[in-house]
Amino acid sequence: MTRAEAKERNRRALLDAAFLVVARDGYRAKLDEIAERADLTTGAIYSLFGSKNGLVVALVADYLRPYYEEIEQAVPAGLDLLEAVDAFARYYRRSCDAPDALSRLSLQITFLDMVLHDPELGSQLATSIRAQENHLIALFTGRSHNGTVVTSQQAKRLTTALRALFVGLSQGVPLGLAPGADEQYFADVARALASGMSLIDHDGDAS
């Protein structure tokens with residue numbers, strides 16, 4: 001095994017261990033337990049991630065990366081904006097029925113709790129999440145809508161609105177708070193949002 005391979009193996013082991021410990025203990029998660037589960041030392045955590053917060057930020061990025069990759073596959077090129085929003089909404093609804101839906105919801109709440117206890121971590125996580133959301137912005141940018149082409153600024157505003165909508169709905173589904181919210185419902189409300197917001201640019205000009 002090369003040095004690079006060993007480094008990546010250790011990184012992966014620490015992320016897997018951190019997932020288990022952080023999901024259970026939240027901001028109370030201990031670095032020594034994470035290191036022990038990974039058969040490494042706390043020194044390896046500092047060497048690879050710099051700090052506990054660095055490890056958590058890397059954990060969130062690792063957690064979100066497959067999600068955004070799956071979205072890119074679920075929303076193919078060639079669709080106009082509303083068709084792309086429809087496909088995105090249906091993918092998001094299907095994810096609510098995944099076997100790990102409740103554990104993912106629990107982890108989201110855990111991350112939020114950690115942020116409330118550590119504002120510095122919150123700032124770091126926000127930066128990481130925005131970087132991941134750039135995938136969605138790129139996904140919607142350039143698509144046709146009402147005879148125009150969606151700009152990156154318009155796509156950014158739409159992404160923010162869709163995230164707020166789907167986070168609320170996806171939390172309600174596994175908790176039984178969104179009866180009747182099937183794929184068609186998700187698609188209808190997402191289309192309505194994308195159509196109704198007029199995709200106003202940051203400077204106030206509307207498309």
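**Helices, core and pocket of the predicted model**

The chain has nine helices and two strands. The model is predicted. From the N terminus, the elements run α-α-α-α-α-α-α-β-β-α-α. Along the principal axes, the C-alpha atoms of the chain fill a box of roughly 60 × 35 × 35 Å. The chain has 207 residues, and buried residues make up 39% of them. Contacts between residues at least 6 apart in sequence were also examined; of these, 66% join residues at least 24 apart.

Helix H1 covers residues 3–25. Its 23 residues should span 33 Å at 1.5 Å a residue, and its end C-alpha atoms are 32 Å apart, so the two values agree. Buried positions in H1 are Asn10, Leu14, Leu15, Ala17, Ala18, Val21 and Val22. The cover over these buried residues includes helix H2 (31–37), helix H3 (42–49), H4 and H6. An α-helix has 3.6 residues a turn, so residues three or four places apart point the same way. Ala13 also belongs to helix H1. Ala13 counts as partly exposed because its relative accessibility is 24%, and the partly exposed class begins where the buried class, under 20%, ends. In sequence, Ala13 and Leu40 are 27 residues apart; in space, their C-alpha atoms are 8.6 Å apart. After H1 comes Gly26, with a positive phi near 60 degrees.

Two residues other than glycine also have a positive phi. Asp39 is not a glycine, yet its phi is positive, at about 60 degrees. Asp39 sits in the loop between H2 and H3. With a relative accessible area of 72%, Asp39 is exposed. Asn146 is not a glycine either, and its phi is positive, at about 55 degrees. The loop that holds Asn146 lies between strand E1 (144–145) and strand E2 (148–149). Asn146 is exposed, with a relative accessible area of 66%. Most residues other than glycine have a negative phi.

Helix H5 is mostly covered, with 12 of its 15 residues buried. From its first C-alpha to its last, H5 reaches 21 Å, close to the 21 Å expected at 1.5 Å a residue. The buried residues of H5 are Leu81, Leu82, Ala84, Val85, Asp86, Ala87, Phe88, Ala89, Tyr91, Tyr92, Arg93 and Ser95. They pack against H4, H6, H7, E1, H8 and helix H9 (183–196). Asp86 is a member of helix H5. Its relative accessibility is 14%, so Asp86 counts as buried, the cut-off being under 20%. Beyond its neighbours within four places in sequence, Asp86 is in contact with Ala187 and Arg191.

The largest nonpolar core has 56 residues. Ile34, Phe88, Phe140, Phe166 and Phe186 have the most contacts inside this core. Phe88 is also among the buried residues of H5. Leaving aside neighbours within four places in sequence, Phe186 is in contact with Ala89, Tyr92, Arg93, Cys96, Phe166, Leu169, Ser170, Val173 and Ala181. Phe166, another partner of Phe186, is itself among the core residues with the most contacts. In soluble globular proteins, nonpolar side chains tend to be buried together.

The largest pocket holds about 1300 Å³ of space. Its lining has 43 residues. Tyr63, Leu64, Gln108, Ile129 and Val167 lie nearest the centre of the pocket. By type, the lining divides into 27 nonpolar, nine polar and seven charged residues. At least two lining residues come from each of helix H4 (52–74), helix H5 (81–95), helix H6 (101–117), helix H7 (119–140) and helix H8 (152–172). The greatest contribution is that of H6, with 10 residues. H6 is also among the elements that cover the buried residues of H1, and the buried residues of H5 pack against H6 as well.

Notes
Residues are numbered from 1 along each chain as its sequence is written. This is a predicted model: local features need pLDDT of at least 70, side-chain atom pairs count only at pLDDT 80 or more; totals for chains, interfaces and linings use all residues. Side-chain values use heavy atoms; hydrogens and water are left out. On a 1 Å grid over the protein atoms alone, a cavity is a set of points where a 1.4 Å probe fits but cannot get out, and a pocket is an open set with protein on both sides within 12 Å along at least five of seven lines; lining residues have an atom within 4 Å of a point. Grid points are joined across faces, edges and corners, and a volume is the space filled by probe spheres set on the points. Helices (H or I, at least four residues) and strands (E, at least two) are DSSP runs, numbered from the N terminus. Ala, Val, Leu, Ile, Met, Phe, Trp, Tyr, Cys and Pro count as nonpolar, Asp, Glu, Lys and Arg as charged, and the others, Gly among them, as polar. Buried means under 20% relative accessible area, exposed over 50%, partly exposed in between (1.4 Å probe, protein chains only). Contact means heavy atoms within 4.5 Å. A nonpolar core is a set of buried Ala, Val, Leu, Ile, Met, Phe, Trp, Tyr and Cys residues joined through side-chain atoms within 4.5 Å. The expected span of a helix is 1.5 Å times one less than its number of residues.
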